[in-house]
Amino acid sequence: MSEPVPDIPTRLRTGFFSGLQTALKLCKFVVPIYIAVDLLKTTAVVDRLGALFAPAMRLFGLPGEAAFAFIAAFLLNLYAAIAIMAPLDLTPWQVTQCGLMMGIAHNLLIEGGVLGSTGARGGLLTLCRLVIAGGVGFLLELLHRLWSL
Amino acid sequence: MDVLIPAILGSLMLAGKLLLIIVPLVTIFEVLRHLTVFQRAGRAIDPLMRGMGLTRDAAVPLFTGIFLGIAYGAGIIIRVAREKRLPGRHLFLMGLFLATCHAVVEDTLIFVVLGGNGWIMLGVRILLAVGLTSLMARVLRN
């Protein structure tokens, strides 16, 4: 670690501004996604497409509409995913379930590339993430159902 | 109009919550990052690293990934992995750990904003990452 250590006020300033920059960059796409999903909810589009995914999502104790959040999480990132989830009125348990599964598998294209560029096998690791996320989600839902019997 | 206004308000609420989480988090991280406590913590965790088939060299990329995330910490992860010439087996194990468990603070908090249980999300991910990596370290040895 040859990096020189800046003093505390400098660090506070650097941290504050880089945090602000990241947050604003995220808000720029969280806000329009949230509005779009909230408006689409008043039409039949979300219901119809959601019904298509409902059987798969039921394995994890989630409604079909949650599939859109998963697609966004896999291809984009968690911020896009929560912008979709927020208007869906999920229960706290369902949010935990989504958070756990998406926490494991998200932003697969970019992160797969980064993992690959360290010299590890990016594709294999990405597959592992999807399998692990699915397995964990399924097990947690199983436990949840046993618990609430 | 009566659907548009709640949609806009809801989105602004979410944006506000994200700002309230990210800005303090990044600021605190930037202040704490240089403390020697972090370096000492690295030593304390040595036995756990060995259990996962990893050595000290993998500690910096691993911790960067755990706290900052893969995409954000990419620069540091790639540089250290190259400089230290980590062997393929270590790269895979480190990758497996990070694939399951990275950016844990930020990821967990944004779902807590929506009402999720942070302890379950955080706990399961950490246990899973340590468990799977240790398991694979043993499998790959043979």
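Chain B contains 8 helices and 0 strands, and from the N terminus on its elements run α-α-α-α-α-α-α-α. This is a predicted model, and its overall scores are an ipTM of 0.80 and a pTM of 0.81. Within chain B the average pLDDT is 81, with 92% of the residues scoring at least 70. Confidence in chain B is lowest in helix H2 (residues 36-44), where the mean is 70, and highest in helix H8 (residues 118-141), which reaches 90.

The dimensions of chain B come next. Its C-alpha trace spans about 65 × 30 × 25 Å along the principal axes, and its radius of gyration is 18 Å, whereas a compact globule of 142 residues would have one near 14 Å. Of the 142 residues in chain B, 39% are buried. Among the contacts in this chain that link residues at least 6 apart in sequence, 70% join residues at least 24 apart.

Along its principal axes, the C-alpha trace of chain A spans about 55 × 35 × 30 Å. Buried residues account for 43% of the 149 residues in chain A, and of the contacts between residues at least 6 apart in sequence, 61% join residues at least 24 apart.

How do the two chains meet? In the model, 49 residues of chain A are in contact with 45 residues of chain B. On the chain A side, the elements that give two or more residues to this contact are helix H1 (8-40), helix H4 (78-85), helix H5 (92-104), helix H6 (108-117) and helix H7 (122-147). The most is given by H1(A), with 19 residues. By residue type, the side of chain A that touches chain B divides into 31 nonpolar, 13 polar and 5 charged residues.

One of the contributing helices, H6(A), can be followed in more detail. Its buried residues are Leu108(A), Glu111(A), Gly112(A), Val114(A) and Leu115(A). Seen down the axis of H6(A), these buried residues fall within an arc of 160°, so they line one face of the helix. After H6(A) comes Gly119(A), a residue whose phi is positive, near 110°.

The last stop is the interior. In soluble globular proteins, nonpolar side chains tend to be buried together. Here the largest nonpolar core has 76 residues, and the members that touch the most others are Ala69(A), Ala81(A), Ala83(A) and Ile84(A).

Key: Residues are numbered from 1 along each chain as its sequence is written. Chains are lettered from A and ligands numbered from 1 in the order in which they are written. This is a predicted model: local features need pLDDT of at least 70, side-chain atom pairs count only at pLDDT 80 or more; totals for chains, interfaces and linings use all residues. A residue is buried if 20 or more other C-beta atoms lie within 10 Å of its own, exposed if 12 or fewer, and partly exposed in between; C-beta atoms are placed from the backbone. Two residues are in contact if their C-beta atoms, placed from the backbone, lie within 7 Å. Helices (H or I, at least four residues) and strands (E, at least two) are DSSP runs, numbered from the N terminus. Ala, Val, Leu, Ile, Met, Phe, Trp, Tyr, Cys and Pro count as nonpolar, Asp, Glu, Lys and Arg as charged, and the others, Gly among them, as polar. pLDDT is the predictor's confidence in each residue, from 0 to 100. The arc is that of the directions from the helix axis to the C-beta atoms. A nonpolar core is a set of buried Ala, Val, Leu, Ile, Met, Phe, Trp, Tyr and Cys residues joined through C-beta atoms within 7 Å. The radius of gyration is taken over C-alpha atoms; the globule rule is 2.2 Å times the number of residues to the power 0.38.
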